[in-house]
Amino acid sequence: MEIPAALPVVHSPIYVVRDRQIVLDSDLAMLFGVSTKRLGEQIRRNQDRFPDDFAFRLTPEEVNSLRSQFATSKKGRGGRRYLPFSLTEHGAVMAANVLNSPRAVAMSVEVVRAFVRLRKVTLSQDSL
């Protein structure tokens, strides 16, 4: 399946948290072409599809440690009301399934490819 030219290719919105490679809900929502609120609703409504090894909320400490790596509003100036969800590779694919839009499906393929590339780099560095 080819990705339409108008869709962005996933480069590196992948972080390591709790020794897991994750993507933040806001990054995934942007890639899927939906609001972060809509993605969060689907995760909450389909909790049985998102066990802890697929998706979890970040703690305030984890958010603070990532704050320099992604843009967030300062407290009192808009921004998020809730702690972000983080999704693993499997959670990102499941999110595409519950959103079920053509863009979500196309981008889920790219998200998985990005995770696979990151895994290969990690494994090659471990072997050194």
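The second largest pocket in this predicted model has a volume of about 260 Å³. A pocket here is an open set of points on a 1 Å grid over the protein atoms alone, where a 1.4 Å probe fits and protein lies on both sides within 12 Å along at least five of seven lines; a cavity is a set where the probe fits but cannot get out, and lining residues have an atom within 4 Å of a point. The volume is the space filled by probe spheres set on the points, with grid points joined across faces, edges and corners.

Some ground rules before going on. Residues are numbered from 1 along each chain as its sequence is written, and side-chain values use heavy atoms, with hydrogens and water left out. Because the model is predicted, local features need pLDDT of at least 70 and side-chain atom pairs count only at pLDDT 80 or more, while totals for chains, interfaces and linings use all residues.

**Around the pocket**

What lines this pocket? The residues are Asp25, Thr36, Lys37, Gly40, Glu41, Arg44, Arg57, Arg80, Arg81, Tyr82 and Phe85. By type, the lining splits into 2 nonpolar, 2 polar and 7 charged residues. For that count, Ala, Val, Leu, Ile, Met, Phe, Trp, Tyr, Cys and Pro are nonpolar, Asp, Glu, Lys and Arg are charged, and the others, Gly among them, are polar. Helix H2 (residues 36-45) gives the most to the lining, with 5 residues. Helices (H or I, at least four residues) and strands (E, at least two) are DSSP runs numbered from the N terminus.

Two of the lining residues, Asp25 and Lys37, are worth a look. Asp25 sits in helix H1 and is buried, at a relative accessible area of 2%. Buried means under 20% relative accessible area, exposed means over 50%, and partly exposed is in between (1.4 Å probe, protein chains only). Setting aside neighbours within four places in sequence, Asp25 is in contact (heavy atoms within 4.5 Å) with Thr36, Leu39, Arg80, Pro84, Phe85 and Leu87. Lys37 belongs to H2 and is exposed, at 61%. Lys37 is 11 residues from Ser26 in sequence, with 8.7 Å between their C-alpha atoms.

**The overall layout**

The protein has 5 helices and 4 strands, in the order β-β-α-α-β-α-β-α-α from the N terminus on. Of its 128 residues, 39% count as buried. Among contacts with a separation of 6 or more, 76% are between residues 24 or more positions apart.

**The cores**

A nonpolar core is a set of buried Ala, Val, Leu, Ile, Met, Phe, Trp, Tyr and Cys residues joined through side-chain atoms within 4.5 Å. The largest one has 24 residues, and Leu28, Phe32, Leu39, Phe50, Leu87 and Ala95 have the most contacts inside it. Two or more residues come from each of helix H1 (25-32), H2, strand S4 (85-87), helix H4 (89-99) and helix H5 (102-127). H4 gives the most, with 6 residues. A second, separate core has 8 residues, including Tyr15, Ile22, Leu58 and Val63.

H1 is mostly covered, with 6 of its 8 residues buried: Asp25, Asp27, Leu28, Ala29, Leu31 and Phe32. Leu28 touches Val23, Leu39, Leu87, Ala92, Ala95 and Val111, leaving out residues up to four places away in sequence. After H1 comes Gly33, with a positive phi near 75°.

Over in H4, Met94 is buried, at 18%. With residues up to four places away left out, Met94 touches Arg49, Phe50 and Phe54. Val105 is 11 residues from Met94 in sequence and 9.9 Å away, C-alpha to C-alpha.

**The hairpin**

Strand S1 (residues 14-17) and strand S2 (residues 20-24) run antiparallel and are joined by 4 bridges; two strands pair if DSSP finds at least two bridges between them. Val16 has Gln21 as its bridge partner in S2. The two strands form a hairpin with 2 residues between them. Most residues other than glycine have a negative phi.
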